[in-house]
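Open the structure beside this text and follow along.

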Amino acid sequence: MMTNLGERWVPRDTFKPGFVDREEDVYRVTEELYELQECRKQLWDPSSSSYYRLTIPFSPHMFGSGKTTFCVNYLELIRRFSETSLASFASNSSKKEFLDRLKTSTLLYVDLRDLEQTDPEERSLEWAIYYLMVKNACSRIGVPVMRKRQAFETVEMEPSNLVALLRDKLNIPTNQYLLVVFDEIGALDESYGEFDFERTQDGEVFPCNDFFGIVRRLCKQDNLFVIVVGKSEGLRIKNSVAFEPRVLLHFISLSPLSSSNIVEFLEKSHLEEQFHYRVCDILCSSSFSVNELSEALLECTGGVPGLLTRAVNMLLNFVQTRGQPFMLKDECLSCMNEDSFQRICAEPFIQYISTSDEDKKSEFGILLMMALYHIPFKVDDELKSECYLFDAVNEMGLYRYPIDQDTFQVLIPKVFVGNFEYLSSLSLLEKILLGSLKLEPVDCFFSSKCRVFEGIVAIRLILMLSSKVRNEFRELLCQLSAIFKEMKLPIREPLPLDYMRSVGVSESRSESNKKRKSYESNEWNKIIQEALYFDKVYIPVDTTSHSPDIIFKLQSPVDSKVLIVGVACKGRWNSERIGWSDIIEEAEKFLVPVSIQVLSNAPDKNHCMLIVVSTKLSFNVSRELGDQSRCYSSGMSIESESFTIPSNCELVILCERDVEMLIDKEILNGLERAFSSTDRPLFGDFGPDLLRRARHSFLSWQ
């Protein structure tokens, strides 16, 4: 049996990955290349009335997103998708002709890490790039590389001469498309002292600015196209001073792979030099299907291609060394949850956040909240002055999941979370947020709507219940409810909030964690006994008409009394206020079934409470409450609705003043602005100041 962690988890490359998905990215890139072909003549005449701003497909992702793989396989992909997703692109004769010609293109791959000063124009970036392209063309066809002076005299620094030489070397006619892929643009960040760059009025240089000027001149040549990929500290997605002002970058989304994509990946991947040994056949057994393996890998890696490939390599090395596949999904998940597995798997990826400066780390909590609350953001949203959110996600080494062409969500794979938890600089809040992300089912990330209001309330409750310092809100609940006062508070420690399957959902998409199975609305006894653990706060994965927005349970330290607490977050962000009918609806879907199914089994021991956290109570509700919070105990009636509080139950309605005690008034005002016109606000609707204020309010309760 192996005991050495380095031997147990080895990331050595052992298989040839299959290439899957990317249909949407292929479609978008093909559109941009077609637009260049149609508008190329306008590049020669910028004063034209139909001015065209050159658009270059560009992928600025961090390591592991699949950008290089996408580019070098682009031509194969358009051939693969030409009869399916690209069929709608070729809707007219002009586009069809373009697509047919594109399928027969020649691709020239240029790795800018090989860029070096080149005689006789040592300090010319343009000449160095030209020579690197010529050098790669010669290497591709297996002929001796042209001497530098010979190449210089042949090309004479003219794009037309360069393209003619490339076509001659690659043996392609002038009417055949030539697609040039520039990879590792970040290499330019290290070249400040090597080349003569243009300087701004204040003396600054932007190597990427010079580079895209060169690209623009190349794109004036007929039948030539360019794709650029790589991460550059000097190049930001919407920073107009960072690249050539007459060049627009089209972002290639490169979304993480879905569960079905991962299944295809596992089925198409095979061992190096052994094509008949598929990866899925080596890792899976008759009792452990490829679909289950896909779910486990998605849960661990978030579908990020580089992480996925590294994780599969580690699992393959482990399985081949011990001589047998995984027998059960739980066995595979157990391996991937080991600290040593997560540390080695994430090692090349997480250096960016662990080495970030304090300024970047200060924004880490905001990105964690965005990931947990599922707050989408636009590509040009600013995190702070002159710092775009998109760039901050890149620079911290995180990922993003595209919702549409210009809208994304922050994605933090679970294998990252396990490593981030050990960072010494984390605050208690960040530990709670990270722990919550670690517990959240991955399919919740891909399907759930923005839950910022419920999330803020839940974390405030965690901090309130666990605080060893006196706080007014906890004392308020003790004053309103004698049962609440009997509970053991503070709870042991501020644990992360957890997600559970919604009450009323009949089947689960994943059975990997029995605690998160789906529950029917008549299974409250199972939910409370099997799913809810003492001192933990839960948010159901989906909002339904069968459960409150937040659930937790507390225990008395003396006589083992149990209090099940549901919280209904009734956020109303328009003129319509929360009336008695809304409140009774919440009570009937929670207090009534819990009373019948759970409390009646042990009436002396079990109790249930529903807390209504409303942002805007109706005038008649406020009038009856006397503008203060109130607790309705079992047997009390709300006559206007003919509703009686069930046995062993309590209904607590917070007045607006006490809601502001739980959640800062300015935060509530910001939420009202954000939710006033949509039920899924974007980051720009909230604004960075609101999230910073929420973070500060959390930290003040630690």
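A residue is called buried under 20% relative accessible area, exposed over 50%, and partly exposed in between. Keep those cut-offs in mind, and remember that this is a predicted model.

Start at Ser560. Is Ser560 buried, partly exposed or exposed? Its relative accessibility is 35%, so Ser560 counts as partly exposed. Ser560 sits in the loop that runs between strand S16 (550–555) and strand S17 (562–570). Leave aside residues up to four places away in sequence, and Ser560 touches Gln555 and Lys605. For a sense of distance, take Gln351, which is 209 residues from Ser560 along the chain. The C-alpha atoms of Ser560 and Gln351 are 47 Å apart.

Now move to the strand that pairs with S17. Strand S17 and strand S18 run parallel, and nine bridges join them. Within that pairing, Val567 stands opposite Ile611 of S18. Strand S18 covers residues 606–614, and nine of its nine residues are buried. Its side chains split into two sets. Asn606, Cys608, Leu610, Val612 and Ser614 point one way. His607, Met609, Ile611 and Val613 point the other way. Both sets are buried.

A second sheet lies earlier in the sequence numbering. Strands of a sheet pair through backbone hydrogen bonds, either parallel or antiparallel. Here the open sheet has three strands in the order S1-S7-S8, and the pairing is antiparallel. Strand S1 (15–16) and strand S8 (274–278) are the edge strands, since each pairs on one side only. Strand S7 spans residues 270–271 and pairs with S8 over two bridges. In that pairing, Leu271 has Gln274 of S8 as its bridge partner.

Next, look at helix H12. This helix has twelve residues, and 16 Å separate its first C-alpha from its last. That span is close to the 16 Å expected at 1.5 Å a residue. How much of H12 is covered? Nine of its twelve residues are buried, so the helix counts as mostly covered. Among the buried residues are Val290, Leu293, Ala296, Leu297 and Leu298. Ser294, Glu299, Cys300 and Thr301 are buried in H12 too. Just after the helix comes Gly302, with a positive phi of about 70°.

Helix H21 (residues 428–439) gives a second example. H21 has twelve residues and reaches 17 Å from first C-alpha to last, close to the 16 Å expected at 1.5 Å a residue. The buried residues in H21 include Leu429, Glu430, Ile432 and Leu433. Leu434, Gly435, Ser436 and Leu437 are buried in H21 as well.

Rolling a probe the size of a water molecule over the atoms shows where empty space is left. Searching the whole structure this way turns up five cavities of 30 Å³ or more. The largest cavity holds about 150 Å³ of space. What lines it? The lining has 15 residues, and Leu411, Ile412, Lys414, Glu440 and Phe445 lie nearest the centre of the cavity. Helix H12 (290–301), strand S13 (407–411), helix H20 (414–420) and helix H22 (442–447) each supply at least two lining residues. By class, that lining has eleven nonpolar residues, one polar residue and three charged residues.

Finish with the backbone. Two cis peptide bonds deserve a look. One joins Asp119 and Pro120, with omega about 0°. Pro120 is in the loop between strand S3 (106–111) and helix H6 (125–141). Another cis bond joins Leu489 and Pro490, again with omega about 0°. Pro490 falls in the loop between helix H25 (482–486) and strand S14 (498–500).

Asp21 is not a glycine, yet its phi is positive at about 65°. Asp21 lies in the loop between S1 and helix H2 (23–39). Leu254 has a positive phi near 50°. Its loop runs between strand S6 (247–251) and helix H10 (259–268). Is Leu254 buried or exposed? At 3% relative accessibility, Leu254 counts as buried.

Conventions:
Residues are numbered from 1 along each chain as its sequence is written. This is a predicted model: local features need pLDDT of at least 70, side-chain atom pairs count only at pLDDT 80 or more; totals for chains, interfaces and linings use all residues. Side-chain values use heavy atoms; hydrogens and water are left out. On a 1 Å grid over the protein atoms alone, a cavity is a set of points where a 1.4 Å probe fits but cannot get out, and a pocket is an open set with protein on both sides within 12 Å along at least five of seven lines; lining residues have an atom within 4 Å of a point. Grid points are joined across faces, edges and corners, and a volume is the space filled by probe spheres set on the points. Helices (H or I, at least four residues) and strands (E, at least two) are DSSP runs, numbered from the N terminus. Ala, Val, Leu, Ile, Met, Phe, Trp, Tyr, Cys and Pro count as nonpolar, Asp, Glu, Lys and Arg as charged, and the others, Gly among them, as polar. Buried means under 20% relative accessible area, exposed over 50%, partly exposed in between (1.4 Å probe, protein chains only). Contact means heavy atoms within 4.5 Å. Two strands pair if DSSP finds at least two bridges between them. The expected span of a helix is 1.5 Å times one less than its number of residues.
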